[in-house]
Amino acid sequence: MPERPPSRPAATRRIPFAIGAVLIGAAIGFAGVYGIGGLKRNATGDPACRPAVDLARKLAPLAHGEVAALTMATAPLRLPDLAFEDGDGKPKKLSDWRGRTVLVNLWATWCVPCRKEMPALERLQTNLGGPDFEVVAINIDTRDPEKAKDFLREANLNRLSYFSDQKAKVFQDLKSVGRALGMPTSVLVDGAGCEIATIAGPAEWDSEDAIKLIKAAVKPVAARF
């Protein structure tokens, strides 16, 4: 029986795979160099926000009980200068609160946990709201802005100022820096506009645990400004 000649097509087919493997390896190496380098650069953040990280570290032992879900800042992050409107339709920005500690909260009437959380935010504002601290609850209903106003009125929530963003861009802005994964979302911000802590989901903001943490956050920030 004659000997079969070697199968050249099979060997030929292996060449593209080998080339592909080399290219993939090169791409992974490229990503390893530039991707990791990019992460390291991002991790440095805004130097002006390092005091917020130091504060977050000090507050970490207080993030338990009703506020155990808070994620304390571990890298300096200045939040985007969120743009929205007040109850009269006048433009507002997060930078309008420079020098004050702010709990930024995003909520909507279609979000059941948001509606349940609002009374606790109202009581937090009642207890601690003042020249050094404010709850800035921004409604992101995109269809009927009167629905949110009606909800606040019917629930007798009159200590919270009404803020809204009918385009919900504030959510996208926070999402762009990894701070809005769902609703509700709350971010504790210092007087320089830097993140102290973030929570995805509701919290008992009027609880003893929350009050103690917020008070501890406000005191050093007020002293800086």
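Predicted model: local features only at pLDDT ≥ 70, side-chain atom pairs only at ≥ 80, totals over all residues.
Let's start with the bonds themselves. A disulfide is a covalent bond between the sulfur atoms of two cysteines. Taking sulfur pairs within 2.5 Å as bonded, the count comes to 2 disulfides. If you number the bonded cysteines along the chain, the pairing reads 1-4, 2-3.

Take C49 and C194 to begin with. Their sulfur atoms sit 2.0 Å apart, and the two form a disulfide. The torsion about this S-S bond is about -70°, so the C49 and C194 disulfide is left-handed. Where do C49 and C194 lie? C49 is in the loop between α1 (8-44) and α2 (50-59), while C194 is in the loop between β7 (185-189) and β8 (195-200), so the pair ties together parts that are 145 residues apart in sequence.

Are these two ends buried or exposed? C194 has a relative accessibility of 0%, so C194 counts as buried. C49 comes out at 1% relative accessible area, so C49 is buried too.

Now for the other bond, between C111 and C114. This pair also forms a disulfide, with the sulfur atoms 2.3 Å apart. Which hand does the disulfide of C111 and C114 have? The torsion about its S-S bond is about 80°, so this disulfide is right-handed.

Putting the pieces together, you have a left-handed disulfide at C49 and C194 and a right-handed disulfide at C111 and C114.

Note on methods:
Residues numbered from 1 in each chain as written. Heavy atoms only, no water. Helix = DSSP H or I, 4+ residues; strand = E, 2+ residues; numbered from the N terminus. Buried < 20%, exposed > 50% of the residue type's maximum accessible area, 1.4 Å probe, protein only.
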